[in-house]
There are 2 protein chains.
Amino acid sequence: MLNRSDALDLAFHALADPTRRAMVERLSLGPASVSELGRPFAMSLPAVTQHLAVLERSGLVVSEKTGRVRTCRVEAKALSEAEQWINARRIEWERRLDRLGAYLEEITKEGSKNGEPT
Amino acid sequence: MLNRSDALDLAFHALADPTRRAMVERLSLGPASVSELGRPFAMSLPAVTQHLAVLERSGLVVSEKTGRVRTCRVEAKALSEAEQWINARRIEWERRLDRLGAYLEEITKEGSKNGEPT
């Protein structure tokens, strides 16, 4: 079982490549077979399989074999954890800006009360 | 000038490491000097500087030197682009689930109209 930090390492690492992001983009629209998934890229099947392995290891994608066809789909949970991490940073950052804004407003008011130029 | 895909490569790569994520977490709360930033980690200054270089290359962090002190802060734009990319995937994925839900509801209704068990 991966801890949350390891899971984020793997998810962000998987997303740090344009081919893998394109694969996740494709799968966000619906499941696809491995060959469908590889079609837009000028790359060998082993190369496609290797990218897919990185995506599966990260938990962003799961696949299932039925007969001779392996079907892939996105797993929303891993994607959502990566989103939540970034989201939390933005919220902290915006809160800080709000506090800074309120503080600047306060000292500007104080300044004008004391007859200082604003 | 980086294109959007290269910028996402660098941003996700920078976030794929727990020390660099901890640095971004710290900087989301406000600017910090390089030594403040390195303090929580049992690591040499060159190692801290190296992580910082990856963060700066990705555009997630900017730094400025005043006298002998280099102060670092988060740059919201790169973080927000990474967030938007993941967000867009979730929206596509949720839309797909909505369409699937509507379709299932439709065929269930059709089935019960025709007297089939639902």
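In the predicted model, Thr19(A) touches Phe41(A), Met43(A) and His51(A), leaving aside residues up to four places away in sequence; contact here means heavy atoms within 4.5 Å. Thr19(A) is part of helix H2 of chain A, which covers residues 18-28. Helices (H or I, at least four residues) and strands (E, at least two) are DSSP runs, numbered from the N terminus. With a relative accessibility of 13%, Thr19(A) counts as buried, where buried stands for under 20% relative accessible area, exposed for over 50% and partly exposed for values in between (1.4 Å probe, protein chains only).

Residues are numbered from 1 along each chain as its sequence is written, and chains are lettered from A and ligands numbered from 1 in the order in which they are written. Local features need pLDDT of at least 70, side-chain atom pairs count only at pLDDT 80 or more, and totals for chains, interfaces and linings use all residues, while side-chain values use heavy atoms, with hydrogens and water left out.

Chain A contains 5 helices and 3 strands. Their order along the sequence is α-α-β-α-α-β-β-α. The radius of gyration of chain A, taken over C-alpha atoms, is 23 Å, well over the 13 Å given for 118 residues by the globule rule (2.2 Å times the number of residues to the power 0.38), so the chain is more spread out than a compact globule. A box of roughly 80 × 35 × 20 Å, taken along the principal axes, holds the C-alpha atoms of chain A.

Of the 118 residues of chain A, 38% are classed as buried. Among contacts in chain A between residues at least 6 apart in sequence, 51% link residues at least 24 apart. The accessible surface of chain A is about 7,100 Å², and 53% of this belongs to carbon and sulfur atoms; accessible areas come from the Shrake-Rupley method with a 1.4 Å probe, and for residues only the protein chains shown count as cover. Chain A carries 18 positive and 17 negative side chains, with 7 Å between the centres of the two sets. Lys and Arg count as positive and Asp and Glu as negative, without His and the chain ends, and each charge is placed at NZ of Lys, CZ of Arg, CG of Asp or CD of Glu.

Chain A is superposed on chain B by a rotation of 180° with 0.0 Å of shift along its axis (RMSD 0.0 Å). The two copies are thus related as by a two-fold rotation axis. The superposition is by least squares on the C-alpha atoms of residues with pLDDT of at least 70 in both copies. Of the interface residues of chain A, 100% are also interface residues in chain B, so the copies meet through the same surface.

Trp85(B) is located in helix H5 of chain B and is buried at 3% relative accessible area. Apart from neighbours within four places in sequence, Trp85(B) contacts Leu15(A), Arg21(A), Val24(A) and Glu25(A), as well as Arg4(B), Leu8(B) and Phe12(B). Trp85(B) and Leu8(B) are 77 residues apart in sequence, with their C-alpha atoms 8.5 Å apart. Helix H5 of chain B (residues 76-113) also includes Arg90(B), which is partly exposed at 27% relative accessible area. The C-alpha atoms of Arg90(B) and Leu2(B) are 25 Å apart, across 88 residues in sequence.

Arg68(B) sits in the loop between strand E2 (61-66) and strand E3 (69-74) of chain B. Arg68(B) is exposed, with 83% relative accessible area. From Arg68(B) to Glu92(B) the C-alpha distance is 48 Å, for a separation of 24 residues in sequence.
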